[in-house]
Amino acid sequence: MQQPRAVDFLIQALTHDRLSHAYIVRGTPVGAQPLVQALAVALFCPQGGCQHCSVCEQVVTETNPDLFTLRAAEDSKSGIIRLKQIEALVQKTLLPPVQSRLQVFVIENAEAMNTEASNALLKTLEEPSTQSLFLLVTPHVQRLLPTIRSRAQILPMNTEVQHADQAGFLQWADMAQVRHEEQKQAIISQLLTRNQQDLILQLQLLQRACWQEALVHFRAQPSQRTLVYAQQLLQLFDTAIEQLLAHGNTKLVVDFFCHDFFRLRGVRSR
Ligand SMILES: [Zn+2]
């Protein structure tokens with residue numbers, strides 16, 4: 001519950017200079033890439049992420065000298081991230097950034113770090129350089145060492161649900177179109193037909209779409225208000241998902257979630 005939203009991260013980066021030094025981005029490397037790039041351009045671009053300048057281009061083409069992405073070695077059949085890779089990364093944290101005020105280190109499939117690699121990273125996370133920011137990308141947060149998890153904050157991002165679109169799940173447009181009570185009740189009824197696990201998946205799917213929409217709005221109109229609003233919506237999803245994971249009463253969770261969600265969206269109740 002206390003985890004900052006990805007939008008918090010942006011707010012902090014853009015306005016308060018209060019970055020944490022390590023974040024966990026929940027998702028596959030491909031799924032997380034848009035968010036990682038959005039965060040990097042927000043941090044590096046002199047215009048706060050214009051998408052057009054040479055700095056933004058460097059991020060997209062992975063040629064920015066202050067953005068490092070670590071993947072499992074290509075010759076590694078096991079896909080394991082080894083100690084020597086983390087050691088090389090740690091060496092880079094000792095150097096100052098080349099052209100930005102900080103360096104961003106992305107570790108893709110961070111769950112693939114073996115114990116030695118994890119422990120080497122842990123040392124760096126315990127005594128972080130103020131000029132380093134780590135983004136640990138993993139679809140399996142629970143496979144990270146608890147000590148690593150405790151030193152990084154989780155960003156809300158759910159990409160486990162890439163294929164749910166075909167399975168008759170509610171789409172974000174269905175939620176976004178709701179204007180009056182009858183439509184709202186129809187959504188509630190539809191959500192209540194799902195078992196607990198599908199409901200979690202459904203909410204993750206909607207949360208991801210919600211975040212993507214927020215990001216589009218934010219790029220078009222970068223304002224704190226846009227972000228705070230998005231943050232409130234994303235928080236509702238997180239709360240509902242947490243309650244479901246804790247085996248909360250499905251009907252209560254759905255009722256509570258829909259009540260707050262549609263209130264925020266400005267749908268009047270009878
Ligand atoms: Zn730019």
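Me: How many helices and strands does the protein chain have?
Reply: This is a predicted model, and the count refers to the secondary structure assigned to its protein chain. That secondary structure comes to five strands and 11 helices.

Me: What percentage of the residues of the protein chain count as buried?
Reply: A residue counts as buried when its relative accessible area is under 20%. The protein chain has 270 residues, and the share of them that count as buried is 50%.

Me: Which atoms coordinate the zinc ion, and at what distances?
Reply: Along the chain, the donors of the zinc ion follow the spacing C-x4-C-x2-C-x2-C. The coordinating atoms are the SG atoms of Cys-45, Cys-50, Cys-53 and Cys-56, at 2.3 to 2.4 Å.

Me: Why is the arrangement of the four donor atoms around the zinc ion given the name it has, and what is that name?
Reply: Four donors count as tetrahedral if all angles lie between 85 and 135 degrees. For comparison, the ideal angle for four tetrahedral donors is 109.5 degrees. The four donor atoms around the zinc ion subtend angles of 102 to 114°, and therefore the arrangement is tetrahedral.

Me: Is Cys-56 buried or exposed, and what is its relative accessible area?
Reply: Cys-53, another donor to the zinc ion, is buried with a relative accessible area of 18%, which can be set against the cut-off of under 20% for buried residues. Cys-56 is likewise buried, and its relative accessible area is 2%.

Me: Which residues have the most contacts inside the largest nonpolar core?
Reply: The largest nonpolar core has 56 residues, and this core draws at least three residues from each of domain 1 (6-155) and domain 2 (164-264). Apart from it lies another core, of 25 residues, including Ile-86 and Phe-105. Inside the largest core, the residues with the most contacts are Phe-44, Val-104, Trp-172, Met-175, Phe-257 and Phe-261.

Me: Where is Glu-62 found, and what is its phi?
Reply: Glu-62 is found in the loop between helix H3 (54-60) and strand E2 (67-70), and is partly exposed, with a relative accessible area of 39%. Its phi is positive although the residue is not a glycine, with a value near 55°.

Me: Is His-247 buried or exposed, and what is its relative accessible area?
Reply: His-247 lies in the loop between helix H10 (224-245) and helix H11 (250-264), and is a residue other than glycine with a positive phi, near 60°. Since exposed means over 50% relative accessible area, His-247 is exposed, with a value of 64%.

Definitions and conventions
Residues are numbered from 1 along each chain as its sequence is written. This is a predicted model: local features need pLDDT of at least 70, side-chain atom pairs count only at pLDDT 80 or more; totals for chains, interfaces and linings use all residues. Side-chain values use heavy atoms; hydrogens and water are left out. Donors are N, O and S atoms within 2.8 Å of the metal (3.2 Å for Na, K and Ca); water is not among the atoms, so sites may look incomplete. Four donors count as tetrahedral if all angles lie between 85 and 135 degrees; four count as square planar and six as octahedral if opposite donors are over 155 degrees apart and all others between 65 and 115; anything else is irregular. Buried means under 20% relative accessible area, exposed over 50%, partly exposed in between (1.4 Å probe, protein chains only). A nonpolar core is a set of buried Ala, Val, Leu, Ile, Met, Phe, Trp, Tyr and Cys residues joined through side-chain atoms within 4.5 Å. Domain bounds come from an automatic or database domain assignment. Helices (H or I, at least four residues) and strands (E, at least two) are DSSP runs, numbered from the N terminus.
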